[in-house]
Amino acid sequence: MAQQHNSFFDWVSHHLLSCPFKSYFGIDCPGCGLQRSILSLLKGDFIDSFKFYPATIPLIFIVLFTIIHLKVDFKFGASLIKIVFIGIASIILINYIYKIYNHQLI
Amino acid sequence: MSEEQETPQQNQPIDLSKKDDAPKEPVYNTPGTPPPFQPAPPFQQFGGMAQPNLPNATIALILGILSIPACCCYGIGLIFGIIAWVLAGSDIKKYNLDPNAYSISSYKNTKAGKICGIIGAILSLLYIICLIAMIAFFGWAALRDPQLMKELLREKGLQ
């Protein structure tokens, strides 16, 4: 059973969609690492997922919360979505600037 | 043009409610009668349960949120973000023309969708500007060839 899971993750990690930006220019784009991050999150490795792409966990949270909010209609829902969204945007920007500074782009 | 149209429409519901309130009060107290069609002022404070949602509120919110994950694939997020921005903008105009006709929660959702769309569009725009700047700075040939790119970066002292 465990072997099956491992082979499934191996298969997925060998068949990830390649980033067009990366394949053309050889430089990471602001979204690179998202798929690896989701994969490691599926394996249950939160720290690895954060290292690959720090915005994954809030992104998944906001998508799930939006689905629930559209069904249940929280009072604070719209403002919470706004705040989390601004947070995600700033996380992505800071992450990309950090990558440029530390020469992790190639 | 728009101001001339707005003023009579904004005045109408206020006048009607004032006129309608007095004669409808005894009718409203009798059991079994449905509430009046126009919502009374206290009902609006609780979010207008029976009011319909704005037509594009959900779509604007979903597109606005999707614009960030999509910004990394050829800048599709720019399209998503701008669509969300435009849809939400038209809905907000509709709500401002006639605030009693739509529910407040959908208005809030629309506003959130508009802000998400704006942020997503700005991020994708930054990505596209960054791409164009790199092509202008390094040249097309260098970007297609990773080896040459690394050498160029070393020359510039970036790595």
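Guide: Start with one residue. Thr66(A) touches Ile81(A), Leu61(B) and Ile65(B), leaving aside residues up to four places away in sequence. Keep in mind that this is a predicted model.

Visitor: What makes these count as contacts of Thr66(A)?

Guide: The cut-off is heavy atoms within 4.5 Å. Ile81(A), Leu61(B) and Ile65(B) are in contact with Thr66(A).

Visitor: Why is Thr66(A) called buried?

Guide: Buried means under 20% relative accessible area. Thr66(A) has 4% relative accessibility, so it counts as buried. Thr66(A) sits in helix α5 of chain A.

Visitor: Which residues of α5(A) and α6(A) meet?

Guide: On the α5(A) side they are Pro58(A), Leu59(A), Phe61(A), Ile62(A), Phe65(A), Thr66(A) and His69(A). Their partners in α6(A) include Gly77(A), Ala78(A), Leu80(A), Ile81(A) and Val84(A).

Visitor: Why are α5(A) and α6(A) called roughly antiparallel?

Guide: Their axes come within 10 Å and cross at roughly 160°. Angles over 145 degrees count as roughly antiparallel, so the label applies to α5(A) and α6(A). The crossing of these two helices is left-handed.

Visitor: And what makes α3(A) and α5(A) roughly perpendicular?

Guide: Helix α3 (residues 34-42) of chain A packs on α5(A) at an angle of about 80°, with the axes 10 Å apart. The range for roughly perpendicular is 65 to 115 degrees, and α3(A) and α5(A) therefore qualify. Leu34(A), Ser37(A), Ile38(A) and Leu41(A) of α3(A) make the contact with Thr56(A), Ile57(A), Leu59(A) and Ile60(A) of α5(A).

Visitor: How do you know that the span of α6(A) is close to what is expected?

Guide: Helix α6 covers residues 77-101 of chain A, 25 residues in total. From first C-alpha to last it reaches 36 Å, close to the 36 Å expected at 1.5 Å a residue.

Visitor: What covers the buried residues of α6(A)?

Guide: The cover includes α5 (56-72) of chain A, and also α3 (57-66) and α5 (104-138) of chain B. Among the buried residues of α6(A) are Ile81(A), Phe85(A), Ile88(A), Asn95(A) and Lys99(A).

Visitor: Which residues of chain A does UniProt list as "transmembrane region"?

Guide: The unreviewed UniProt entry lists residues 52-70 and 76-98 of chain A. In the model, residues 52-70 are 84% helix and 0% strand, with end C-alpha atoms 30 Å apart. Residues 76-98 are 96% helix and 0% strand, and their end C-alpha atoms lie 33 Å apart.

Definitions and conventions
Residues numbered from 1 in each chain as written. Chains lettered and ligands numbered in written order. Predicted model: local features only at pLDDT ≥ 70, side-chain atom pairs only at ≥ 80, totals over all residues. Heavy atoms only, no water. UniProt positions renumbered as here; feature names shortened; annotations may be inferred. Helix = DSSP H or I, 4+ residues; strand = E, 2+ residues; numbered from the N terminus. Expected span 1.5 Å × (residues − 1). Buried < 20%, exposed > 50% of the residue type's maximum accessible area, 1.4 Å probe, protein only. Axes fitted to C-alpha atoms, helices over the stretch in contact; angles between N-to-C directions. Parallel < 35°, antiparallel > 145°, perpendicular 65-115°, else oblique. Left-handed = near helix turned anticlockwise from the far one by under 90°.
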